[in-house]
Amino acid sequence: MKTLQQKGFIISLGLMFFLAGGCVPTMVSVSTPDIRNVENDYFSAQLEPLPQGKNYFDRFRLAVTNKTSRDLEIDWNQTRYLYNGHDGGVFVFAGIAAVDLKNATIPPGIIPAGQTFTEQIGPLELVARGPLGGKDAEAGKITFGMIPSGESGMLLVIRQNGKTLEEKIIVKISQREVPK
């Protein structure tokens, strides 16, 4: 049988852990810079990590503005996710068919002269995908996964009339503690 002093100590210890648990900071992802901009004679591009309401980034917003008088094409099959300087594969986004991914035949993104193309994209290697068959609403749904800390971004490959243009767009993602 425990003494009153032992019970008091156990209750005090439990209360301390309970109160301390409410003060535990939350980790959130931050990007430096918030948005990375690149520009050349043909286009300007912005890459922005997006959290989609979570404490971590799970996709990017890519915006490319065509500065020429002819259409530009984003070559999605050659555009690559870069993580800490390594090739992390292709990007996915709404509307890509599974057969296009399997055959590496993702149609190009067309950017008309003087226009801006914007898309939310995520690295294929970080994507979770629901089953393609089935009757539930989640069948075939793409869920973007957490973009890890480190240098993250893309090698953007653009084509115009047989000419290939490449730009590396990189941000640094890190974790920061914020009070709960």
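Q: What does Leu156 touch, not counting residues up to four places away in sequence?
A: Leu156 touches Phe43, Ala45, Leu62, Val64, Ile74, Thr79, Leu165, Glu166, Glu167 and Ile169. Contact means heavy atoms within 4.5 Å. One caution on the source: this is a predicted model, where local features need pLDDT of at least 70, side-chain atom pairs count only at pLDDT 80 or more, and totals for chains, interfaces and linings use all residues. Residues are numbered from 1 along each chain as its sequence is written, and side-chain values use heavy atoms, with hydrogens and water left out.

Q: Which residues touch the most other members of the largest nonpolar core?
A: Leu62, Val64, Ile74, Trp76, Leu156 and Ile158, out of 30 residues in that core. A nonpolar core is a set of buried Ala, Val, Leu, Ile, Met, Phe, Trp, Tyr and Cys residues joined through side-chain atoms within 4.5 Å. Buried means under 20% relative accessible area, exposed over 50%, and partly exposed in between (1.4 Å probe, protein chains only).

Q: Which strands supply at least two residues each?
A: β3 (43-50), β4, β5, β8, β10, β13 and β14 (163-178). The largest share, four residues, comes from β14. Strands are DSSP runs (E, at least two residues), numbered from the N terminus.

Q: What does β1 pair with?
A: β1 runs antiparallel to β14, and seven bridges join them. Strands pair if DSSP finds at least two bridges between them. Ser29 stands opposite Gln175 in β14.

Q: Is β1 (residues 26-32) mostly covered or mostly open?
A: Mostly covered. Five of the seven residues in β1 are buried.

Q: Switching to aromatics. How many pairs are there?
A: A search of the whole structure finds four aromatic pairs. Rings of Phe, Tyr and Trp (its six-membered ring) pair if their centres lie within 6.5 Å; planes under 30 degrees apart count as stacked, over 60 as edge-to-face and the rest as tilted. One of the pairs is Trp76 with Phe117: the centres are 6.3 Å apart and the planes at 45°, so this pair is tilted.

Q: Where do Trp76 and Phe117 lie?
A: Trp76 lies in the loop between β5 (72-74) and β6 (80-83), and Phe117 in strand β10 (residues 116-123). The pair therefore ties together parts that are 41 residues apart in sequence.

Q: Are those two buried or exposed?
A: Trp76 counts as buried at 1% relative accessibility. Phe117 is buried too, at 15%.

Q: Why is the Tyr81 and Phe91 pair called edge-to-face?
A: Because the planes of the Tyr81 and Phe91 rings are at 80°, with centres 5.9 Å apart. Tyr81 is in strand β6 and Phe91 in strand β8 (residues 91-92), ten residues apart. Tyr81 is buried at 0% relative accessibility, and Phe91 is buried with a relative accessible area of 0%. Ring pairs link Phe60, Tyr81 and Phe91 into a cluster.

Q: What about Glu125, what does that touch, not counting residues up to four places away in sequence?
A: Glu125 touches Tyr81 and Gly88. Glu125 is in the loop between β10 and β11 (127-129).

Q: How accessible are Lys67 and Glu39?
A: Lys67 is partly exposed at 39% relative accessibility. Glu39 is exposed at 57%.

Q: Which salt bridge does Asp75 make?
A: Asp75 meets Arg159, at 2.8 Å, N to O. Asp75 is in the loop between β5 and β6 and Arg159 in strand β13 (residues 150-160), 84 residues apart. Arg159 is partly exposed at 28% relative accessibility, whereas Asp75 is buried with a relative accessible area of 13%.

Q: Last one. Is Asp58 buried or exposed?
A: Buried, with a relative accessible area of 1%. Asp58 lies in the loop between β3 and β4. A polar contact of 3.2 Å joins the side chains of Asp58 and Arg59. Polar contact here means a pair of N or O atoms within 3.5 Å; within protein, one must be able to donate a hydrogen and the other to accept it, and residues adjacent in sequence count only if both atoms are side-chain atoms.

Technical notes. Salt bridge = Lys/Arg side-chain N within 4 Å of Asp/Glu carboxyl O.
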